[in-house]
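Trainee: Could you walk me through reading features from a set of coordinates?
Mentor: Gladly; let us look together.

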Amino acid sequence: MNLHEYQAKQLFNRYGIATPHGEVAEDVETAVQVVTRLGGSRWVVKAQVHSGGRGKAGGVLVVDSEDDVIQATKSLIGTSLVTQQTTAAGLPIKKVLIEQPSEIVREIYLALLVDRVSKRVTFMVSAQGGMDIEEVAENNPEAILTLAVDPVVGLQGFQCRRAGFFLGLTGDAFKQLQSVMRGLYQLFIDNDASLVEINPLAVNGEGHLLAVDAKINLDENGLFRHNELAAMFDPSQENPAEVTARDFGLNYIALDGNVACMVNGAGLAMATMDLIQKEGGEPANFLDVGGGTTAERVAEAFKLILSDSKVKSILVNIFGGIVRCDLIAEGIIQAAKEVGLSLPVVVRLEGTNAEQGRKLLAESGMNLQAAQDLTAAAKLAVAAAGELSA
């Protein structure tokens, strides 16, 4: 789960990580009140969306008067911001963060993530802050220092000093880096984060470190321990179908193809998508209904699939290990009747009671085609989609 910048900065402040003075506003009236409280004669108005590259897309505006704050707020709130990380439709802007501008002498990149290779929480440090880290990694990989943290002993002082020397920091900035890194690490562990990023971490005119931007991704599997963080979820920043899927315990990701998939098991879902592409089709989604799926969950899965107007055919691939195939078949038939299914559906059942399941589908009198071989099923689904798209 992603947090907005203003939410991430609130969390930063709890762990002693300094950020620019600012407040969030969701309308013009509040924006004027924020400016009055902040004081000064110049402000930065930042669109709050779950995307990087906001500045390049016009989502970060520097203004010099209260009237300009009003205009900037009006121009952002209620619109959608399209960046290189969003779809063509962009993401809706419902709030803006208004901050006092920071005097930036240097920009640093500092992030903390889970490195799947080393199986460690790992710091990434670079003197090339303010840039896309992917671009730095590709063109100048030696400009990035990685520091893996041993989970038994935690972050060590020598690691912080190594980062400071690597960045060429001196004075207060060198000393403060250790405090920032320790705060980030504790935040990461305490809140079950999967990514914490500051880009840029600025050295200001007084030689102090300041988190000018903030990004936090949380591990959804740990949210049951953090009710306050779970309440920060903003459904407006997600695909509506994916939000609905989450409510029903379904793992759903919308894609650009026209052959929908419904599979029980993430690995099997990936293999099914690969096979669709191998047969010349394009998957419309990733949809894992889980190993212990029910007829009700299958019905909701069909509703999700049908909410995508690009879908021309549906491939259901179920391996009956924990769940019985005949129960799945009953759920598919029930769901097809409930949602008024008219698209061609190819169902591949294998495992416990697979034969009974295929028999139920054959006798349903509906547009449900059973297949025992997965390759054959993929070919049928791709062909059906092609016929409807022609």
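Predicted model: local features only at pLDDT ≥ 70, side-chain atom pairs only at ≥ 80, totals over all residues.

Trainee: How many salt bridges does the count come to?
Mentor: Side chains of opposite charge can pair when their charged atoms come close. The rule asks for a side-chain nitrogen of Lys or Arg within 4 Å of a carboxyl oxygen of Asp or Glu. By this rule there are 17 salt bridges.

Trainee: Which residue forms a salt bridge with lysine 9?
Mentor: Glutamate 99 does, with the closest N and O atoms 2.6 Å apart. This pair links distant parts of the chain, with glutamate 99 in strand β6 (residues 96-99) and lysine 9 in helix α1, 90 residues apart. Helices (H or I, at least four residues) and strands (E, at least two) are DSSP runs, numbered from the N terminus. Glutamate 99 also meets lysine 46 in a salt bridge (3.8 Å, N to O). Lysine 46 lies in strand β2, so this pair ties together parts 53 residues apart in sequence.

Trainee: Is glutamate 99 buried or exposed?
Mentor: Buried means under 20% relative accessible area, exposed over 50%, and partly exposed in between (1.4 Å probe, protein chains only). Glutamate 99 has 4% relative accessibility, so it counts as buried. Lysine 46, at 6%, is buried too. Salt bridges that share partners join Glu5, Lys9, Lys46, Arg54, Glu99 and Asp213 into one network.

Trainee: What about aromatic pairs?
Mentor: Rings of Phe, Tyr and Trp (its six-membered ring) pair if their centres lie within 6.5 Å; planes under 30 degrees apart count as stacked, over 60 as edge-to-face and the rest as tilted. A search of the whole structure finds 1 aromatic pair. The rings of phenylalanine 165 and phenylalanine 174 have centres 5.0 Å apart and planes at 45°, so the pair is tilted. Phenylalanine 165 is exposed, at a relative accessible area of 63%.

Trainee: And where does glutamine 71 lie?
Mentor: Glutamine 71 belongs to helix α3 (residues 66-76). With a relative accessible area of 49%, glutamine 71 is partly exposed. Between glutamine 71 and valine 28 there are 8.6 Å in space, C-alpha to C-alpha, although they are 43 residues apart in sequence.

How values were computed. Residues numbered from 1 in each chain as written. Heavy atoms only, no water.
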